[in-house]
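Please look at the sequence and the model below before reading on.

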Amino acid sequence: MMVAIRPNRLALYFIDVRAQTPFRFGKETLERVTCARVLCEVEEASRGSFRGWGESPLSAQWAWPSDVPLPEREAALRQFCREVLAAWSAYDAGGHPLALGHAFLRETLPGLLISFNARQRADSQMPYLAALMCCAPFDIALHDAYGHATDRPVYDCYSSSDMPEDLAVYLGGTDFKGLYPSDFLSHGASRIPAWHTVGGLDALSGETTASDEAGEGIPSTLEAWIRKDQLSRLKIKLSGTDFEWDYERMMNVVDVSMPRRVTMLGVDFNGTVTDPMYVEHLFERICRNRPGVPDALCYIEEPFAPELLERETDVSAVAKWAPCVLDESAHDWRVMEKASTLGYSGVVVKTCKTQTEAILTLSWAKRHGLEVLTQDLTNPMLAQIAHAQLGAHASPGIGLETNSMQFYPGASADEARVHPGLYQRVGGYLDLKTISGPGFGYRIDEIDRQLPEPATTFNVH
């Protein structure tokens, strides 16, 4: 039975989190983050009202790398969240959350960003990725509310029995005629392999760095993390601008990890490389001196600055080493359609780019034979639950990056009492067995978290 929901009341909360260990990636360092949490109450004509929740970190360092001072970027993100809330409150439409989310992203969000940036200085223009990140908790909450309105897990709600229109309406062409997201989703795993993130400041084995300030009981070196969590998969952050540092870093990580049964490696440049030859030469040199690396290398993530994609630079020579996947640049499936002609061979899906875009992008990518990875935004609290759910249904075999337990382990203490397996990695895995019930399976009534006063609240009708 198809159900149409309509937003009725929205509330926005900001929860501040401080990192226990600094997280260095690209040109930025994360030492704190504000998480935006959204309550979305919806109405269904015959069933009444239902609540959904969504949450996402507002990571300016990731979505808006810039020389603009960090406090200024963070304040802009919070203000834009308020404006997204006001726009959703004025959005008088009902239907399936994928349809509502898709329409909002196409018809409302771009204009909202243009209007916002028109009031900012020329050197403080918010990028679309940051706007998408601000929209994410609203979109996630809408999908969660739909699950509650139908009394089913949200990932059971993406088939023809719930959606009046097939994917061709969203993704175009005849490739998707008669197909629905459920045709591209895994059934969901109760355990999923965990990828550990090696940040640019992380100590490896006996080094003295900022990471040595980690609190009691939290490993301060990669070697200790591997031993404690029995890790087998590492995602390594590289600079993309300092060739010798990147080479030495990779060699040191390999020497610490691979003798300790780490068998899968990924690298992430966070879009800092300006010449494909940089990556080619780096891996030629690494693989010449560490012959085991080619078999262990699973992906090369977002290596290039956005202008290389805009200039239609072919990256096929880089992809010969491992799938070359887009993250920050892949706002939606249309980016991947272009990128796949240039040698990119995969895409990263993240809940922080909205649940709607994650579902549509993974459907397009799988239909066209591309790799699909689920990566982290250092998700704590409720954000981790939706993130783990996406990984379990998008690409459970390869696993998912999960690193909030590395950088702010105490932030999720309230949620961990209900879902202990989601906030620690045991035997190299996350345990999702406690996720249950409608929507994203948060079991939010059992989580004893005291929220701050809402930053903004709107009654839609």
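## Terms and model

Two strands are said to pair if DSSP finds at least two bridges between them. The model described here is predicted.

How many of the residues of β5 are buried? The strand is mostly covered, with 5 of its 5 residues buried. Arg233, Lys235 and Lys237 point one way from β5, while Leu234 and Ile236 point the other way, and all of them are buried.

## The open antiparallel sheet

Elsewhere in the model, 4 strands form an open sheet whose order is β3-β2-β1-β13, with antiparallel pairing. Because β3 (48–57) and β13 (456–459) stand at the edges, each with a single partner strand, one side of each is left without a neighbour in the sheet. On average, and with direction ignored, neighbouring strands of this sheet are turned by 15° against each other.

Within the sheet, strand β1 (residues 5–25) and strand β2 (residues 28–44) run antiparallel and are joined by 16 bridges; phenylalanine 14, for example, has alanine 36 in β2 as its bridge partner. Helix α2 (residues 70–89) packs on this sheet, where it touches β1, β2 and β13, and its direction makes about 165° with that of β1. A further helix, α5 (residues 128–150), lies across β1, β2 and β3 and runs at about 145° to β3.

## The largest pocket

The largest pocket holds about 830 Å³ of space. Its lining is made up of 31 residues, and those that lie nearest its centre are Ala63, Pro65, Gly271, Pro306 and Glu328. The elements that give two or more residues to this lining are β1, β2, α1 (60–63), α5, α11 (306–310) and α13 (333–339).

Which element gives the largest share of the lining of the largest pocket? That share comes from α11, which supplies 4 residues.

## Two residues with positive phi

Most residues other than glycine have a negative phi. Against that background, glutamine 230 may be noted, for it has a positive phi of about 55° although it is not a glycine. Glutamine 230 lies in the loop between α7 (222–229) and β5 (233–237), and because buried means under 20% and exposed means over 50% relative accessible area, its relative accessibility of 53% makes glutamine 230 count as exposed.

Arginine 443, which is not a glycine either, has a positive phi of about 55°. Its place is in the loop between β12 (429–431) and β13. The relative accessible area of arginine 443 is 26%, so this residue is partly exposed.

Definitions and conventions: Residues numbered from 1 in each chain as written. Predicted model: local features only at pLDDT ≥ 70, side-chain atom pairs only at ≥ 80, totals over all residues. Heavy atoms only, no water. Axes fitted to C-alpha atoms, helices over the stretch in contact; angles between N-to-C directions. Contact = heavy atoms within 4.5 Å. 1 Å grid on protein atoms, 1.4 Å probe; cavity = no way out; pocket = protein on both sides within 12 Å on 5 of 7 lines; lining within 4 Å. Points joined across faces, edges and corners; volume = space filled by probe spheres on them. Buried < 20%, exposed > 50% of the residue type's maximum accessible area, 1.4 Å probe, protein only.
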